[in-house]
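I opened the notebook to record what I looked up, entry by entry. Each entry begins with a place in the chain or a plain question.

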Amino acid sequence: MISIVRHNWNREEIQEIYQMPLLELIIEAGSVHKQNHKTGEVQISSLLSIKTGGCSEDCSYCPQAARYHTDVEVQPLMKTEDVVMAAEMAKAGGASRFCMGAAWREVRDNRDFDRVIDMVKAVTAMDMEVCCTLGMITEQQAKKLADAGLYAYNHNLDTSEEHYEHIISTRKYEDRLDTLSNVRKAGITVCSGGIIGMGETDEDRIGMLQTLANLPQHPESVPINALVPVKGTPLGDRKRVPFYELVRMIATARIVMPASAVRLSAGRLELSMAEQALCFLAGANSIFAGDKLLTTPNPEFNEDMQMFSILGLKPKAAFSNTLEKV
Ligand code: SAM
Ligand code: DTB
Ligand code: SF4
C-alpha cells in the first residue's frame, strides 16, 4: 500500500481497512509505518498528574470526576519544583516527551494557570517535548502556552460524535473540536485520539478515526487508549477490550494517519510483551512509560526497558519527527 497523507477519507474506505483480515491489516500497516517512520524507534512519553481529582465533568470512564466515588484522592496543583524533579527523572529514564495532566474541565485565567505556564517554561528549558492536557482552552490561552514553549496539547475526541453523548453529558463534541482548532491556531502540535472498550460499535471507532483523519491537519500524535475500568465510575464494570481489537484500531489509525505518531496508551498493563510487539509492528511508535499513568498503574519502568532491549527498540529523541507535514 502506497501511503499518502489524505484528509478526505470516507467511512467505507476506513471500514474496508478496519475489517481486513487481521494479519493482512498488520502487514499493510507495517508497510505504511516503514514508509513514514524509522521502524524500531519508539517514543517514550512520561505522564504526570499535576492536579488530581475533583473534576466537575461527568466523563463516564474517568476516576477523577468529583461525582463518582473512586479511590482517587483530590490533590491541588503541584509545586513547580516537584514537577521539574519528576521531569528530570523521566528524562534520565529516556523520556523525550513530558506530559502534564490536570483534572480541569477547562483552563481558567487564574494563578494556577500562571503556575502551569512556569512549569512549561521550566521543562521546555530541559530540552524535552512538553505536552499539557488541561481540558478546554481558548485561542488566547493556547497562545500563552505556545509563548511559554509548549510543544503539544493533548485533547482526546475519546469516541465518535454519535457515541459521545452516551459517555459525557457536560460538554459537546463540538467543544472538543473547537479546542483542537484553538491549539492549532496557536501553532502548538496536536495530540488527539480516543478510548476503546466503552460499549462503542465498530462504526463508532471508524467514525472517530474518520474525524481525526479528516481534520485540516492530522494530529501529530494519536493516543489509542484501551479503557482502564475503574471501580466507582459508570464504566467500572466493563470487560477489558480484547487485544486483537486494540491492534486492529492501532493498525487502522496508522494507515489513515501515516505520518502521525500512534501511541499505545492506557491499557498496556494487561498486554504481554508479544502483544505489545504486534502493536509496534502494526504501527504504534509511542508509549507512556513510568509506573503510573495519571491515577492508574502502568507497567514497571524496568520491565519496559527490558522489553525495549529484547525487541531491539530505541527511544526516539525529542523533536525528531521523520516527516514535517501531517
Ligand atoms: N481533564 C482533561 C481532559 O479531559 O481533557 C485532561 C485529563 S483527561 C484524564 C485525559 C484523557 O485521559 C481523557 O480524554 C481520556 O481519553 C483518558 N482517560 C481518562 N480516564 C481513562 C480511563 N479510565 N481509561 C482510559 N483512558 C482514560
Ligand atoms: C491519553 O490519551 N491517555 C493518557 C494521556 N492521554 C493524558 C491518560 C490515560 C489515563 C488513564 C487513567 C488514569 O490513569 O487516570
Ligand atoms: Fe475531568 Fe478530564 Fe476526567 Fe473528564 S477526563 S472527568 S474532563 S479529568
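**Entry: Met89.** I looked up Met89 and found it in helix H3, which covers residues 80-92. The model is a predicted one. Is Met89 buried or exposed? Met89 has a relative accessibility of 65%, so I put it down as exposed. The cut-off for exposed is over 50%. I then checked the distance from Met89 to Thr39, which is 50 residues away along the chain. Their C-alpha atoms are 26 Å apart.

**Entry: Ile44.** Next I went to strand S1, residues 41-51, where Ile44 sits. Ile44 has 1% relative accessibility, so I noted it as buried. Buried means under 20%. How far apart in space are Ile44 and Ile287? I read 5.5 Å from C-alpha to C-alpha, although 243 residues separate them in sequence.

**Entry: Ala261.** I turned to strand S8, residues 261-264, which includes Ala261. Its relative accessible area is 18%, and therefore Ala261 counts as buried. I also looked up the pair Ala261 and Ser221. In sequence they are 40 residues apart, yet their C-alpha atoms are 4.5 Å apart in space.

**Entry: positive phi.** Most residues other than glycine have a negative phi. Asp127 is not a glycine, but its phi is positive, about 65 degrees. I located Asp127 in the loop that runs between helix H4 (111-124) and strand S3 (129-133). Asp158 also went on my list, with a positive phi near 70 degrees. Where is Asp158? I found Asp158 in the loop between strand S4 (152-154) and helix H6 (161-167). Asp158 is buried, at 2% relative accessibility.

**Entry: cysteines.** How many disulfides does the structure hold? I counted 0. A disulfide is a covalent bond between the sulfur atoms of two cysteines. I checked Cys131, which is in no disulfide. The nearest cysteine sulfur to Cys131 belongs to Cys99, 3.6 Å away. Cys131 is buried, and I wrote down a relative accessible area of 1%. Cys279 is in no disulfide either. For Cys279 the nearest cysteine sulfur is that of Cys191, 17 Å away. I noted Cys279 as buried, with 0% relative accessibility.

**Entry: ligand 3.** Which residues surround ligand 3? I listed Cys55, Glu57, Cys59, Tyr61, Cys62, Ala65, Ala103, Trp104 and Arg171. I sorted this shell by class and got 7 nonpolar residues, 2 charged ones and no polar ones. I also looked up the space that ligand 3 takes, and this space is the largest cavity.

**Entry: the whole protein.** Last, I stepped back to the overall picture. I recorded 11 helices and 10 strands.

Notes: Residues numbered from 1 in each chain as written. Chains lettered and ligands numbered in written order. Predicted model: local features only at pLDDT ≥ 70, side-chain atom pairs only at ≥ 80, totals over all residues. Heavy atoms only, no water. Disulfide = S-S within 2.5 Å. Buried < 20%, exposed > 50% of the residue type's maximum accessible area, 1.4 Å probe, protein only. Near = heavy atom within 4 Å. 1 Å grid on protein atoms, 1.4 Å probe; cavity = no way out; pocket = protein on both sides within 12 Å on 5 of 7 lines; lining within 4 Å. Sits in = over half its atoms within 2 Å of the grid points. Nonpolar A, V, L, I, M, F, W, Y, C, P; charged D, E, K, R; others polar. Helix = DSSP H or I, 4+ residues; strand = E, 2+ residues; numbered from the N terminus.
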